[in-house]
Amino acid sequence: MSSQSDIFTKYGRTFAAGEKVFAEGEIGAEMFIIQTGRVRISKHSQDVEKTLVVLEDGDFFGEMAVIDKRPRSASATAVDEVKCIVLNEELFEQQMQNNARIVKKILKNMSARLRDANKQIENLLIQDAN
């Protein structure tokens, strides 16, 4: 069985504080699992960059572009030094086929994000009605 350091040596990448991991609109071929550090996910709206969420150790991001092969829907920036495991499409698909825990975690995460988005839409509709 591979140790954490072997996995990081093979699939890891380090980002300096303030470094862009990827930008909104870019074509994405990789997803990221945070080993250490924090990543800010943000979106441009009316010439302002708004933070959607700050992710931490154990969180993952960038999976949407790998799954649907569409451009990145938001930007990701290292808040502090970040160490990530990087999965390209092939490795991601292998993990999805061979590891039910990963599938469940991704589905739970995407479900939570969808619920959050629905709540934000509801709040906007209430504000619009007022």
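Tutor: Look at strands S4 (residues 39-45) and S5 (residues 48-55), which run antiparallel and are joined by seven bridges. Strands and helices here are DSSP runs numbered from the N terminus, a strand being E with at least two residues and a helix being H or I with at least four. Two strands count as paired if DSSP finds at least two bridges between them. This is a predicted model, so local features need pLDDT of at least 70 and side-chain atom pairs count only at pLDDT 80 or more, while totals for chains, interfaces and linings use all residues. Residues are numbered from 1 along each chain as its sequence is written, and side-chain values use heavy atoms, leaving out hydrogens and water.

Thr77 belongs to strand S7 (residues 75-78), and its relative accessible area of 9% makes it buried (buried means under 20%, exposed over 50%, partly exposed in between, with a 1.4 Å probe and protein chains only). Leaving aside residues up to four places away in sequence, Thr77 touches Gly18, Glu19, Lys20, Val21, Arg38, Val39 and Arg40, where a contact means heavy atoms within 4.5 Å.

Now hop over to an open sheet of four strands, ordered S1-S8-S3-S6 with antiparallel pairing. Strands S1 (12-15) and S6 are at its edges with a single partner strand each, so one side of each has no neighbour in the sheet. S1 meets strand S8 (residues 82-88) over four antiparallel bridges, with Thr14 opposite Lys83 in S8. Across S3 and S8 lies helix H3 (residues 89-98), at about 85° to S8; axes are lines fitted to C-alpha atoms, for helices over the stretch in contact, and angles run from 0 to 180 degrees between N-to-C directions.

Next, the aromatic rings. Rings of Phe, Tyr and Trp (its six-membered ring) pair if their centres lie within 6.5 Å; planes under 30 degrees apart are stacked, over 60 edge-to-face, and the rest tilted. That rule gives four aromatic pairs. In one, Phe22 and Phe32 have ring centres 5.9 Å apart and planes at 35°, so the pair is tilted. Phe22 sits in strand S2 (residues 20-22) and Phe32 in strand S3 (residues 30-36), 10 residues apart, and the pair links these distant parts of the chain. Phe22 is buried at 7% relative accessibility, and Phe32 is buried at 1%. Phe32 also pairs with Phe61, this time stacked, at 5.1 Å centre to centre with 15° between the planes. Since Phe32 is in S3 and Phe61 in strand S6 (residues 60-61), this pair ties together parts 29 residues apart in sequence. Phe61 is buried as well, at 2% relative accessibility. Phe15, Phe22, Phe32 and Phe61 make up one aromatic cluster.

Finally, Arg72 lies over the face of Phe22, 3.9 Å from the ring centre. A charge sits over a ring if NZ of Lys or CZ of Arg is within 6 Å of the ring centre and within 35 degrees of the ring normal.
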